[in-house]
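Let's take a walk through this structure together. Have a look at it first, and then we'll go through its parts.

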Amino acid sequence: MNAELNAPDLSFDQVDPVYRAFIDDYLRLHGLDPARFCKPLPGQDEMFFKAILPNYEFEASISAFKFVESTIRLGEAYRQLVEGVFGGYRNLGPVLDFASGWGRLTRYLEQRLDPSQIRVADIYHQAIDWQVSTFGVAGTYSDKDPAQLSYAGKHDIVLAGSMFSHLPAGLFHAWLDKLFSLVSDRGLLAFSVHDEAILPIGETMDASGLHFLRFSESGSLDLDIYGMSYVTEDFVGRAIARLGPNLSWRRFPKGLYENQDLYVVGAPGVDLSGLRLGSVPMGGFETLTTLSTGEIEYAGWAIERTPGAAVEAVAVHVDGAEVLTVLPDAERPDVQKHFPGSANAPVGWRFRLAARPGAMVRVELRSTSGLKGHCYAQAPLGASFTYSGWSRRGLR
Ligand SMILES: C[S@@+](CC[C@H](N)C(=O)[O-])C[C@H]1O[C@@H](n2cnc3c(N)ncnc32)[C@H](O)[C@@H]1O
């Protein structure tokens, strides 16, 4: 299993010191210990080496930063589930991260819960072995056929992040049924999907409400069990209805990752009608311009994907201290195409600063949802300008 990918592990010690400082700051802002979080990225981790790294032009340092950023977005979604449904981590029992991969979420969760509360499962057995030995969590080997999974423990949260977004219809129903059976009486099942809003151009939604395409980032999983699937809300609603009568469930558009919708289904009698879950605002630096005054003008973009919410302020921090706040300026229709199906238009922002060369400049994107996104840059040192991201899509 997973034999085709065998890159060398990436140690966080190999990360450029400027990005490493961004990473450490980002983790500490979220109450995470960088030394504990920054275990090497195993060379067989397809999610890092075949998805994030190629998306950032094989630049290891920016990719490592993006890995951390994506983990924190995942963690923020998880935190909202925990606080919204259970009132906080202290009230939470056992949890299962199904299709955990190499434990992106585990790096975050093991700093919130006792490892004995965390179980991970994946079809990649080495990924499970690595997490068990590295983090001391419990592990279960999964199978391509849900009927072959004999594990039957119960969990307050069963999360399957970016798995149903890859399943054909038969397996979608079978895995939903199986994973729902692993939810405790007070618990919930959360899973992410690709909504029809991001169906690739030229593709047409099937009458069934699930459209399956035979390609994926995986180098080894059979396309009969793991491709790319796109669903309508109606399809998911009917799939949930098959699990039992009168279940409470919610859809949170763009609730997980950059582009996936999060569905949450309560165990019978668990009411999710009051649950609120927003997406962390995203954004980045794009340009800096030296002005005749000697100040530097920094500019960038931001997008709030949570329906009904908006980025209300952009707070600028230099070396950890807040120095000024600006309002977002004009909408950015040029950025919109990178976020199909987003509820809100992207916006731009700009500010002027005379920071010491080499200072860490952090932009905090404050949303009316209560969530904050963060982007980083280093104030220019001579001709060099380092900032927290660009991508193949041309966004910085
Ligand atoms: C896109 S990755 C997501 C990994 C992880 N949830 C994350 O967010 O980093 C999809 C994962 O689903 C796993 N997977 C695919 N089919 C599976 C199955 N039948 N049982 C368990 N895991 C499966 C893959 O091995 C892979 O690790």
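Across the interface of domain 1 and domain 2, the rule finds one salt bridge, meaning a side-chain nitrogen of Lys or Arg within 4 Å of a carboxyl oxygen of Asp or Glu. Keep in mind that this is a predicted model, where local features need pLDDT of at least 70 and side-chain atom pairs count only at pLDDT 80 or more, while totals for chains, interfaces and linings use all residues. Residues are numbered from 1 along each chain as its sequence is written, and side-chain values use heavy atoms, leaving out hydrogens and water.

So where do the domains sit? Domain 1 covers 12-266 and domain 2 covers 282-387, with bounds from an automatic or database domain assignment. Their C-alpha centres lie 28 Å apart. To the contact (heavy atoms within 4.5 Å), domain 1 brings 22 residues and domain 2 brings 15 residues. As for the salt bridges, Arg362 and Asp25 join their side chains in one, at 3.6 Å from N to O.

Now for the ligand. There are 19 residues around it, and Ala99, Asp122, Ser142, Asp143 and Tyr257 come nearest; being near takes a heavy atom within 4 Å. The side chain of Asp122 has an N or O atom 2.6 Å from an oxygen atom of the ligand. Ser142 places a polar side-chain atom 2.7 Å from a ligand nitrogen atom, and a polar backbone atom of Gly161 is 3.0 Å from a nitrogen atom of the ligand.

Conventions
A polar contact is a pair of N or O atoms within 3.5 Å; within protein, one must be able to donate a hydrogen and the other to accept it, and residues adjacent in sequence count only if both atoms are side-chain atoms.
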